[in-house]
Protein chains: 2
Amino acid sequence: MRFDKPPPEPLASALGFLVSWNGQRMAHLFATALEPLGLRPPHFGVMTLIDADPGLTQQELVGRSMIDASSMVAVLDELEQRGIAERRPYPDDRRKHALHLTRRGKAALAKAREAAISVAIEAFEPLDAAEQEKLRLLLRKLAGVG
Amino acid sequence: MRFDKPPPEPLASALGFLVSWNGQRMAHLFATALEPLGLRPPHFGVMTLIDADPGLTQQELVGRSMIDASSMVAVLDELEQRGIAERRPYPDDRRKHALHLTRRGKAALAKAREAAISVAIEAFEPLDAAEQEKLRLLLRKLAGVG
DNA sequence: CGAGATCGTTTGTAGCACAAACGATTGGTC
DNA sequence: GACCAATCGTTTGTGCTACAAACGATCTCG
């Protein structure tokens with residue numbers, strides 16, 4: 001996808017298209033910002049979830065991340081292989097794994113957060129603080145968040 | 001991706017995530033609405049462009065649609081095979097093709113437009129007219145449109 | 001005419017969603 | 001205590017799309 005130019009005019013008037021275009025652009029910027037760290041958005045999301053709630057099972061991660069179970073296996077394999085996360089045995093149920101971040105994983109997450117914040121600041125620069133807040137409220141309402 | 005539930009709370013507060021989530025949801029809803037017609041979003045986009053400006057070359061379509069040249073070949077192959085569009089010889093340059101919609105193509109586009117409009121109305125139902133307009137303005141500004 | 005650019009095309013790599021099936025393990029039931 | 005169904009993580013396969021590189025045909029320009 002090319003995001004160097006704003007969308008052409010007939011499309012830029014359609015609200016649905018605008019929502020979709022900005023969304024894909026944002027996802028693309030985010031992925032680009034993460035790339036130098038060797039991470040893709042799914043990795044960042046999973047790392048964030050594990051950090052917020054250590055010991056989560058893969059099933060719980062799937063439920064919270066919108067990543068399907070098949071892909072989750074691959075993401076965790078990569079995180080584990082790189083020493084960022086580890087699957088520990090889950091007490092009382094040998095089918096499950098308890099996911100934890102390693103020390104290296106927490107450091108990597110901190111770096112990734114910096115990149116995410118800095119790209120967000122840059123991306124939303126066209127809007128002032130009040131406009132950003134208004135946008136947030138509208139999108140929350142559109143998304144159906146209380 | 002699962003869009004049946006609103007995004008989980010730690011994420012729903014991040015503006016970048018909200019933009020991205022709503023965008024992907026919108027794209028997904030749109031694709032689903034188009035599916036019964038045997039069309040995918042790229043087909044609809046290309047059909048719309050050809051209809052608005054008959055005789056466009058593939059290069060011009062690529063420039064206006066954010067679809068890359070490789071994929072454009074496949075999209076046009078499918079549209080042509082289904083009798084929706086046709087590649088006619090381009091006057092003065094035998095490398096180029098002039099794209100046109102067939103009568104059947106125009107009918108298919110009309111149907112697709114109905115589906116698109118109806119899904120848009122449904123998707124933006126949580127927002128009243130004034131809110132939708134405010135959202136449109138904010139997103140245009142964010143996208144860098146005039 | 002010849003060199004270089006352009007247009008459409010083909011091929012290959014990669015990420016991701018989705019669906020189906022599998023072994024290991026668990027829990028409930030008779 | 002044995003059996004059956006459900007669950008968890010996993011593997012495999014299909015489909016769509018972005019991206020990059022290369023190609024033949026054709027055009028343009030010197």
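Select helix H3 of chain A, where A:His43, A:Phe44, A:Val46, A:Met47, A:Thr48, A:Leu49 and A:Ile50 are buried (20 or more other C-beta atoms, placed from the backbone, lie within 10 Å of a buried residue's own). Helices are DSSP runs of H or I with at least four residues, strands are E runs of at least two, and both are numbered from the N terminus.

This is a predicted model, in which local features need pLDDT of at least 70, side-chain atom pairs count only at pLDDT 80 or more, and totals for chains, interfaces and linings use all residues. Residues are numbered from 1 along each chain as its sequence is written, while chains are lettered from A and ligands numbered from 1 in the order in which they are written.

Now show the cover over the buried residues of H3(A). It includes helices H2 (15-34), H4 (58-65), H5 (69-81) and H6 (103-123), plus strands E1 (85-89) and E2 (97-101), of chain A.

Next, show both chains. A rotation of 180° with 0.0 Å of shift along its axis superposes chain A on chain B, RMSD 0.0 Å (least squares on C-alpha atoms of residues with pLDDT of at least 70 in both). That is the relation of a two-fold axis. Select A:Gly23: its C-alpha is the one in chain A nearest the axis, 2.1 Å from it.

Move to the largest nonpolar core, which has 28 residues (buried Ala, Val, Leu, Ile, Met, Phe, Trp, Tyr and Cys residues joined through C-beta atoms within 7 Å). Among those with the most contacts inside it are A:Leu139 and B:Leu18. H2, H6 and H7 (129-143) of chains A and B each supply at least two residues of this core.

Finish on A:Leu139. Which residues does A:Leu139 touch, not counting those up to four places away in sequence? B:Leu18, B:Val19 and B:Asn22 (contact means C-beta atoms, placed from the backbone, within 7 Å).

Note on methods: Buried ≥ 20, exposed ≤ 12 C-beta atoms within 10 Å, placed from the backbone. Contact = placed C-beta atoms within 7 Å.
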